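Here is a friendly note to read alongside the model. Take a look at the structure first, and then we can go through how two of its parts meet.

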Amino acid sequence: MADVDATRGTGPTPPGPRQTADGGHNRSHEVDALRAAETAGRPGAFDDHHPPRADLVSDCVHCGFCLTTCPTYVLWGEEMDSPRGRIHLIAQGLEGEPLTDSMVTHFDQCLGCMACVTACPSGVRYDRLIEDTRAQVERRHPRGPRDRALRAAIFALFPYPRRLRLLRGPLWAYQKSGLRSLVARTGLLERLAPTLATLDSLAPRLRSVPRPPRRVAARGTRRAVVGMLTGCVQSAFFPDVNSATVRILSAEGCEVLIPPGQGCCGALSVHNGRRAEAERFARRLIDTFEQTGMDWFVVNAAGCGSSLKEYGELLADDPAYAARAVAFAAKVRDLAELLDELGPVAERHPLPVTVAYHDACHLGHAQGIREQPRALLRGIPGLELREIADPEICCGSAGVWNVLNPEPAAELGDRKAAAVLATGASLLVTANPGCLMQVAAAIRRQNGKIALAHTAQVLDASLRNLGVAALTND
Ligand code: SF4
Ligand code: SF4
């Protein structure tokens, strides 16, 4: 059997439904027998614990409609770095091929942006396929020491809001002392510690905001009781987004419950194949909110929302939590989704500003929420909404993908920043902390002039009649 990379550089030519990596179609029984003999005795790519499902693989008809929406295919033009190519590799794994380093690289290079799921006319569940594949990779594929150490550091920090909050003090001092600008000018960090340099470039300017109380009453008639996820990166680096979310919900007639110690929702872990860790986080979150009497569970970070809605699948094997996870997931709403369902009651004050709205992949592609945030923004008097070219292409953030793959991530960020700046808008609005950090870094690299805000901050500024300066003066 040829190595999977034999297909590299062949461009968009699709492997046929039963095509092998050496280009053969309609394999005879003889070839099947030869392959079976070749792979006999070798450990296959996947074991029996939730392997990617063969029936989902066979849904792919190799049409290629997904290719132009896939950021890695757009960057490199390589079939094996497209959704179709990755599905082909999964099929090979299911046929008994071992998990090679090159195969794992192609899986790792997937951003998990789910643009291919939106584009696919055959309804291929690539989201399920890559999630199951990644869980197998993490359990079965030994990584090199540097990769192991980097991933260990990332997952010892990012899913832990308290640990992230401990970074605020040193980071604030680093930014305020002018050291950050000095380090940036010398380029020293990039040469000595490229991962730290990437993190440094992404770090937002910190603002000090008091932590929200455990319970905030609804203003006026109470229309709903909502539990709220404060998040990891959101609570540590964008506490002002959480404060704005609480104020909006209260103004729109929601009693908001924010129990402490909720921890991480597990999105980062599940998107990176760390399923057991994600299951632990999910159980804890369900335990924290289950007895609060909430009608809805509101989320203001796109990546978290898409994972929370899949708790039923995540905990399906756990008899103590399976039904509870399904019930919990049914209550999950993105902030814009919930506000759209409830309908507005609070008065909107004018905000005369041109806004470019960026669809976070896990809001648009993974949850199909595109119209609700736009409707929310259009409901603000004086606000003009502009569309960004190629909205389906990821900005390159993708959870921690930009930390693990800094160069292509910067390239994708630069493309997105150019498209954003071309709108001529004075404010970029999105609903995910990762996108805010990624696009802000790219805009700084291009010396672009545009303010950035979360959807919640824009609506909050309108409800409180703060004026445009509250959003555009940094
Ligand atoms: S999830 Fe995104 S990066 Fe991965 S294959 Fe699909 S379009 Fe490409
Ligand atoms: S669009 Fe769907 S069916 Fe067509 S190649 Fe992509 S994943 Fe397969």
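1. Domain 1 and domain 4 bury about 1,200 Å² between them, and carbon and sulfur atoms give 70% of that area. Buried area here is the accessible area (1.4 Å probe) that two parts lose on being put together, summed over both. In domain 1, the residues that lose the most area to domain 4 are L75, L111 and C113, together 42% of what that side buries.

2. A word on the source: this is a predicted model, where local features need pLDDT of at least 70, side-chain atom pairs count only at pLDDT 80 or more, and totals for chains, interfaces and linings use all residues. Residues are numbered from 1 along each chain as its sequence is written, and side-chain values use heavy atoms, leaving out hydrogens and water.

3. The contact (heavy atoms within 4.5 Å) takes 16 residues from domain 1 and 15 residues from domain 4.

4. How many salt bridges are there between domain 1 and domain 4? The count is zero, where a salt bridge is a side-chain nitrogen of Lys or Arg within 4 Å of a carboxyl oxygen of Asp or Glu.

5. On the side of domain 1 that touches domain 4, α3 (71–76) and α6 (115–119) each supply at least two residues. The largest share, five residues, comes from α3. Helices (H or I, at least four residues) and strands (E, at least two) are DSSP runs, numbered from the N terminus.

Definitions and conventions. Chains lettered and ligands numbered in written order.
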